[in-house]
Amino acid sequence: MIMVKQQQEKSMKQELLAFASSLGISQIGIAPPGPFPELAAILRQRADRGHLTEFDPGETDVRIDARLTMTDARSIIVALFPYYTGERAGSNLAKYTWGRDYHLVIKDYLNQIGSYLQTTLPEFRYQAHVDTGPLIDRYLAWQAGLGFYGINSCLINDEYGSWFFIGYLISNHPFPYDRPLQRTCQQCGRCQAACPGRIILGDGTIDPRLCKSYLTQKKGSLSPQELAVIRATGTLFGCDICQDVCPHNKGIPQTTLSGFRDTVEPRLSCPELSSLSNRQFRDTFGERAFSWRGKSILERNCRILEEILTMTGGPQ
């Protein structure tokens with residue numbers, strides 16, 4: 001009976017993979033629900049070193065055990081969503097913001113998967129999460145065998161490089177787990193040398209406090225050191241440098257997912273931005289990932305970068 005049950009679960013997993021593939025999602029794996037004591041140790045070390053920002057939630061337990069979010073969790077379905085659409089001259093936004101807000105795009109895909117499983121498994125329950133969920137999505141994707149870590153702390157997939165988003169479904173169904181990849185990146189050090197804030201420590205950890213991507217989203221006053229990091233490149237929001245120089249990201253195919261492919265807008269005009277009211281900003285850019293911190297922080301970044309944009313003739 002046990003062998004029959006195991007075979008049934010493997011068959012159900014294959015049905016899941018086939019359905020996801022029909023949606024254009026080819027990289028999907030299964031992680032256990034936790035708890036993950038090794039992750040708890042990593043989070044404690046990060047806190048002890050002071051390598052935290054206001055975006056890091058304070059509670060550890062809920063981040064390492066899905067059953068604290070969904071009591072009957074038995075597996076976690078993890079999927080990768082590629083967003084690479086090539087290079088664009090004159091871009092002043094990180095690539096992940098060029099298309100429609102990934103939270104909206106991915107949540108739709110996850111709910112399609114969840115609805116399909118509810119039709120085939122009558123007792124199936126799930127919770128769908130994208131980026132803002134309680135668990136650490138990169139760690140889940142690693143647990144699900146979908147990639148390996150680079151020294152810049154990005155997860156790297158053989159098909160997509162590191163140009164992908166991660167979404168997951170906490171599930172009450174016991175899908176068979178996948179295994180983590182026991183690999184690392186090439187450790188060439190290019191990302192470490194290129195990082196504007198020198199936050200890549202070389203041991204697989206980072207100190208995010210001087211990450212340019214973080215600083216372009218940080219509210220409140222900025223120190224001279226933080227301002228210098230923002231001025232290091234002409235990007236208004238986010239930062240792609242450690243990924244741009246990564247050899248694992250060479251020759252990566254462009255995404256086939258329409259939400260990221262169909263409407264590519266790689267730059268934001270500072271004069272246009274300043275001409276918009278807050279309501280007009282929300283109406284115009286409300287479905288773009290850079291809009292979540294509001295108009296004022298983007299205007300601040302425009303002011304900070306005004307000199308470098310003028311000198312380089314970059315997008316205004």
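Predicted model: local features only at pLDDT ≥ 70, side-chain atom pairs only at ≥ 80, totals over all residues.
Which residues does Gln 243 touch, not counting residues up to four places away in sequence?

**Close-up A. Gln 243 and the residues it touches.** Leaving out residues up to four places away in sequence, Gln 243 touches Tyr 83, Cys 154, Ser 162, Trp 163 and Asn 249. You'll find Gln 243 in helix α9, which runs over residues 241-244. With a relative accessible area of 9%, Gln 243 counts as buried, because buried means under 20%.

**Close-up B. A cis peptide bond between Gly 34 and Pro 35.** Here omega is about 5°. As for where to look, Pro 35 sits in the loop between β1 (28-31) and α2 (37-49). It's worth a glance because most peptide bonds are trans.

**Close-up C. Ser 153, a residue with a positive phi.** Ser 153 isn't a glycine, yet its phi is about 75°. The loop holding Ser 153 lies between β4 (148-149) and β5 (155-156). Is Ser 153 buried or exposed? At 13% relative accessibility, Ser 153 is buried.

**Close-up D. Arg 198, with a positive phi of about 55°.** Arg 198 is not a glycine either. Look for Arg 198 in the loop between α6 (190-194) and α7 (212-215). Its relative accessible area is 54%, so Arg 198 counts as exposed, the cut-off being over 50%.

Technical notes: Residues numbered from 1 in each chain as written. Heavy atoms only, no water. Helix = DSSP H or I, 4+ residues; strand = E, 2+ residues; numbered from the N terminus. Buried < 20%, exposed > 50% of the residue type's maximum accessible area, 1.4 Å probe, protein only. Contact = heavy atoms within 4.5 Å.
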